[in-house]
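Subject: Structure for your files, with notes

Hello,

Please find the structure below.

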Amino acid sequence: MRTSPFFHFLMLGFFKERKKHIGVIAISLVILFLLGSALFISSSIRYSLNQTLAWEPDFVVQRTQGGQKVNAPTAWIDDLLEVHGISKVTPRVYGRYFFKAKENSFLIVGVDFMDEQSNKALRMMMDETDLKQFLKGDNMLVGEGVSTHLKTHFYPNGYTFLTPKGVFKKVNLFKVLPKKSNLISNDMIIVPIELAREILGMGEDEVSDIALNVPNDDEWDNVADKISAFYYDIHVTTKEDIKKAYENLYNYKGGVFLILFLIVIVTFVLILYQRYSMVYSSERRHIGLLRALGWSIRDVLKLKFFETMMIVVIAFVLGVALAYLYVFVLGAPLLREIFLGGANLPNSVILVPVLDFGILSSIFLIYAIPFISAVLIPTWKIAVTDPKEAML
Amino acid sequence: MNEILLSNQVLVYLLSESILFGLLLIAFVITFGILLKWDFGSYSEQQFLLERRAYLTMTILLFVFVVKFLLLVYFVFAIDSLSLLVPGAMCAAGVISANDYGMLLLFLKLVILFFLLLWMALNSYDLRAKNYPIFRLKSWLFIAIFFIISIELGLNFAYFSHIDTLEPVNCCSTLYGQLEGANPLPFGLNIMTLLLLFYLIYIVVMGAMLSKQRVLSVLATLLFVMIAYYSVVYFFGTYIYELPTHNCPFCMLQVEYYYVGYLVWGTLFVGAYLGIVSSIMEIGLKEERKKEQTSALILLSIFVLLCTAYVAIYYLRNGVFL
């Protein structure tokens, strides 16, 4: 333990002068807390979306007209089934139903309950549903957001939809979907496929799009090419495309946040520079004394470096812990609205705790490098103090 | 809107590099001023001022060295995470070859780290000698490093702002693997002779370091880095991936392989750098540098053992070679 007297001295000095450090640690905490929360939320949502995506079908085939998606004919399904390597071709019927003066909308999803579902996410949600009961009348399963919305608008047991043909259709509320699927199911209404067609005003031989799986990953590009060649107005979306779109969206949100955060960091650096210049100039006598006692410039630099590192590490650990508590224990009130963007129905999502090396190292780098850089020059200035001058 | 520049990791990385460059610029201006007026024999006020300023350069460079090292790891990590955004890329190999700047940038980073390490070694010698015998040498070295880092900073921005997210890139198996029969190895080697060379040169490096043949050890280490690179990509890597056709230096940095790539490349480069720097110091300054030599030997041996272990474990488990 050659260096232990040095660390002992460092600790003594640190606790004796703790009032000087508390200010800096407090500012650091605020900054780390904000940054940490934002990155934690964005990564947690990204993680949940990726989890959900794992259940999604590999391909979605749509029909386009003038760049807009239109309903596809059911005849396409038979053509798709003939391609080798394709499995689980599922027609999907869904659409938005606008509620009351178009303020809010529900996502209506028609499910063919007789068929095996290719979409595992939907199947998981409906796991505990008693299908026999459900299929007896016109029933629907709704997401939590929909359920609250209906209740506050005095439809506790069901809702009367107005179909495009001008006919009213009364549908009973059968059950509310489990809360853990809220990220996708919040504004969702699940009904049998024929009922969905009726509500959305689609013909018997029409579907919104067709989902299909290709179990062999290596064949994805081939299959996509083959399907695209079937019709001129076909549009194929792969799971990778969706993944990339999500990645871009959350990079965008996190990135804009970070760019705005750069301004904060610059201000922080200026404050630190000022503050440390002041703090250290009041320490001139102290350093001068150490130098007179035989400390070299390197020793003083070392002392100040460890002092700074202690502040950085303490602030980092506390700040990240606070952000963790705020996001994953308290559920990040207010801040998560930026990331979820609940313009439609209010959503309450449980943020799944995700901590990875990438985020922690990003937070550390963006905080520690500007911090230490700002302190370097004041530290040097004080370290080269001439003992004689300082004692005067 | 450029999606790459909005990626969190890229933003943090570019910010960190820019801050470091700012500090280095200060150090550069100071060093230049010092070099113009440095005269250790003088007792003037100005000479004392210069000596104090030299400490600032030293502090900045020490900081830069540590952070540059961390940032190299972070850089590799960042481009690895970009592989989702760049079509066709499955690991960092595709992303780094997305434009012409990438490979050059990575190479420059390795060069810079080497020179920074050399500078640190020179500096510690210089300080211990009390009368700054090689002050000018190390200052000129710093000025050279500064120019390389300036180029690197430019490359950083050029690289990240020119990654096209619509243009597909090659994945690692097309970059390193399917060469349609062409031999990717240098000097017309095949795998057998490559491996033979790998172990032979390793023994030469060990021998040269232990018997203090400095010039030989520098040359052998340089050759070893090159041969080791090819051996890992074309032979040992296949055992890490447990797939005979998978030749890639980057995929092993991913979580699927327990980030073992960081250990593989880390031990190789740090070991080689320490070995070369300490040998150069011993040639140039006639000074014993036992500690660095020993650490270099240990790191390189860990590297060789690690690579061999992958092959051995695979063989023990499956009873065949790939």
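The notes start with conventions, then go on to the salt bridges and the surface.

This is a predicted model, in which local features need pLDDT of at least 70 and side-chain atom pairs count only at pLDDT 80 or more, while totals for chains, interfaces and linings use all residues. Residues are numbered from 1 along each chain as its sequence is written, chains are lettered from A and ligands numbered from 1 in the order in which they are written, and side-chain values use heavy atoms, with hydrogens and water left out.

Salt bridges

A salt bridge here is a side-chain nitrogen of Lys or Arg within 4 Å of a carboxyl oxygen of Asp or Glu. Over all chains, 18 salt bridges are counted by this rule.

A:K304 and A:E283 form one of them, with 2.5 Å from N to O. This pair links distant parts of the chain, 21 residues apart: A:K304 is in helix α12 (residues 297–329), and A:E283 is in the loop between α10 and α11 (284–292). Helices are DSSP runs of H or I with at least four residues, strands are runs of E with at least two, and both are numbered from the N terminus. Both partners, A:K304 and A:E283, are buried; buried means under 20% relative accessible area, exposed over 50%, and partly exposed in between (1.4 Å probe, protein chains only).

Salt bridges that share partners join A:K304 and A:E283 with A:K16, A:E17, A:K20 and A:E307 into one network. Within it, the closest N and O atoms of A:K20 and A:E17 are 2.6 Å apart, and those of A:E17 and A:K16 are 3.6 Å apart. A:K16 is exposed because its relative accessible area is 67%. A:E17 counts as partly exposed at 25%, as does A:K20 at 22%.

Surface patches

Patches are made of residues with over 30% relative accessible area and no salt bridge; like charges are joined within 9 Å, and nonpolar side chains (Val, Leu, Ile, Met, Phe, Trp, Tyr) within 5 Å. Accessible areas come from the Shrake-Rupley method with a 1.4 Å probe, and for residues only the protein chains shown count as cover.

A nonpolar patch consists of A:Y252, A:V256, A:L260 and A:I263, with about 370 Å² of accessible area together. A:V256 lies in helix α10 (residues 239–282) and is partly exposed, at 32% relative accessibility.

A patch of negative charge gathers A:D217, A:D218, A:E219, A:E240 and A:D241. Asp and Glu count as negative and Lys and Arg as positive, with His and the chain ends not counted; the charge is placed at CG of Asp, CD of Glu, NZ of Lys or CZ of Arg. A:D217 sits in the loop between β11 (209–213) and α9 (220–228) and is exposed, at 53%.

Regards
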